[in-house]
Amino acid sequence: MIISDYSSIDYTKYKRLFVFGCSFTNYAWSTWADILAPQYDFFENWGQSGGGNHYIFNSIMEADQRSKFQPGDTVIVCWTNVMREDRYITNRWITLGNIITTPIYTKEFSTLQTCERGHLIRDLAFIKAAKTLLEQTGVTWKFQIGRAHV
């Protein structure tokens, strides 16, 4: 079923699962999220390959706006490496992955224009804001961390 108008759905009737993350969450082959999905009546996978914590945080906020998180829902977030940079350009997220290993960024850019501590401060704020939202909505929520890599 293709849903174009989310406002007409009575979500209180469904056991819903929302998942967020990078390619560990949504990829060409099955992930942990796909294993959990059959246990729920409603499943949305917001994971995106290469996605960083900026993308993940904004996806959580968008999903709440669209679907109105509520008690009875389950939200699982797989946070990723802090050295990722995401951009929203022309109606879509550009998620290229790790700044250090992605060939689009030069060594000069990654050395002079980025700071691991700065990215960590940014991402801890995203995580705290997401935790606050999920606690306020009364959902069951879990945070996990993807494989640490630089």
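# Reading rings, cores and a helix

Colleague: Is Trp29 buried or exposed?
Modeller: Trp29 is exposed, with a relative accessible area of 60%. The cut-off for exposed is over 50%. Keep in mind that this is a predicted model. Tyr27 is partly exposed, at 38% relative accessibility.

Colleague: How many aromatic pairs does a search of the whole structure find?
Modeller: The search finds 10. Tyr27 and Trp29 form one of them. Their centres are 4.5 Å apart, with 70 degrees between the planes. Planes over 60 degrees apart count as edge-to-face, and this pair is edge-to-face.

Colleague: Why is the pair of Tyr55 and Trp93 edge-to-face?
Modeller: Look at the angle. The planes stand at 80 degrees, so the pair is edge-to-face; the ring centres are 5.5 Å apart. Now look at where the rings sit. Tyr55 is in helix H2 and Trp93 is in strand E5, so the pair ties together parts 38 residues apart in sequence. Tyr55 is buried, at 5% relative accessible area. Trp93 is buried too, at 15%.

Colleague: Which residues of the largest nonpolar core touch the most other members?
Modeller: Phe20, Ile60, Phe69, Val75 and Trp79 do, in a core of 19 residues. Strands E1 and E3 and helices H2 and H4 each supply at least two residues of this core. H2 gives the most, with five. A second, separate core has five residues, including Leu17, Val19, Ala33 and Tyr40.

Colleague: What is Val75 in contact with, leaving aside its neighbours within four places in sequence?
Modeller: Val75 is in contact with several residues, among them Phe18, Phe20, Phe69, Leu134 and Trp141. Phe69 also has ring partners: ring pairs link Phe18, Phe42 and Phe69 into a cluster.

Colleague: On to H4. Which residues in H4 are buried?
Modeller: They are His119, Asp123, Phe126, Ala130, Leu133, Leu134 and Thr137. Here is the general idea. An α-helix has 3.6 residues a turn, so residues three or four places apart point the same way. In H4, the buried residues fall within an arc of 95 degrees, so they line one face of the helix.

Colleague: What covers the buried residues of H4, and what is exposed on the other side?
Modeller: The cover includes H2, E3, strand E4 and strand E6. On the other side, Arg117, Ile121, Lys128 and Gln136 are exposed.

Colleague: What should the 22 residues of H4 span?
Modeller: At 1.5 Å a residue, they should span 32 Å, and the end C-alpha atoms of H4 are 32 Å apart, which agrees.

How values were computed:
Residues numbered from 1 in each chain as written. Predicted model: local features only at pLDDT ≥ 70, side-chain atom pairs only at ≥ 80, totals over all residues. Heavy atoms only, no water. Core = buried A, V, L, I, M, F, W, Y, C linked by side-chain atoms within 4.5 Å. Buried < 20%, exposed > 50% of the residue type's maximum accessible area, 1.4 Å probe, protein only. Helix = DSSP H or I, 4+ residues; strand = E, 2+ residues; numbered from the N terminus. Contact = heavy atoms within 4.5 Å. Phe/Tyr/Trp six-rings, centres within 6.5 Å; stacked < 30°, edge-to-face > 60°. Expected span 1.5 Å × (residues − 1). Arc of directions from axis to C-beta.
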